[in-house]
Amino acid sequence: MEQEIVIKGGFSLNYKRERYPLVNLIVTKEELIVKTKAYGIYKFLPENILEIEPVFFFPFLGQGIQITGKNDQYGDSIYFWSFRNPWKLIRQIREIGFLSS
């Protein structure tokens, strides 16, 4: 069985916003998915990721990761907001094998 990370959180992309717990971040070795209730599914393959970096808006209340793709498929960066430490979340994404560096 393939390893998978599933985390509930929030989402923002330009004017689109969805709050916790309506969004799921699903990560496997092959893909990263941001699944929203109102705006659909955003899928990324490892080769389509430019960077994933931590974001802190207000410590603890506004923290998450910024997902930037290599193409303009989804426009600007997607933000996934979570109560988890963003550095630990990025480490988990690397450990599962989605990110190589």
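Is Glu95 buried or exposed? In this predicted model, Glu95 counts as exposed, because its relative accessibility comes to 57% and the exposed class starts over 50%.

Let's stay with Glu95 for a moment, since it has a partner. Side chains of opposite charge can pair when their charged atoms come close. Here, Glu95 makes a salt bridge with Arg91, and their closest N and O atoms are 3.4 Å apart. Both residues sit in helix α1, which covers residues 86-95, and they are 4 residues apart, or about one turn of the helix. Arg91 has a relative accessibility of 46%, so it counts as partly exposed.

Now over to the aromatic rings. The model has 4 aromatic pairs. Take Phe11 and Tyr39: their ring centres are 6.1 Å apart and their planes meet at 35°, so this pair is tilted. Phe11 belongs to strand β1 (residues 5-13), while Tyr39 is in the loop between β3 (32-35) and β4 (41-44), so the pair ties together parts that are 28 residues apart in sequence.

Tyr39, at 33% relative accessibility, counts as partly exposed.

Ring pairs link Phe11, Tyr39 and Tyr42 into a cluster.

Definitions and conventions: Residues numbered from 1 in each chain as written. Predicted model: local features only at pLDDT ≥ 70, side-chain atom pairs only at ≥ 80, totals over all residues. Heavy atoms only, no water. Phe/Tyr/Trp six-rings, centres within 6.5 Å; stacked < 30°, edge-to-face > 60°. Helix = DSSP H or I, 4+ residues; strand = E, 2+ residues; numbered from the N terminus. Buried < 20%, exposed > 50% of the residue type's maximum accessible area, 1.4 Å probe, protein only. Salt bridge = Lys/Arg side-chain N within 4 Å of Asp/Glu carboxyl O.
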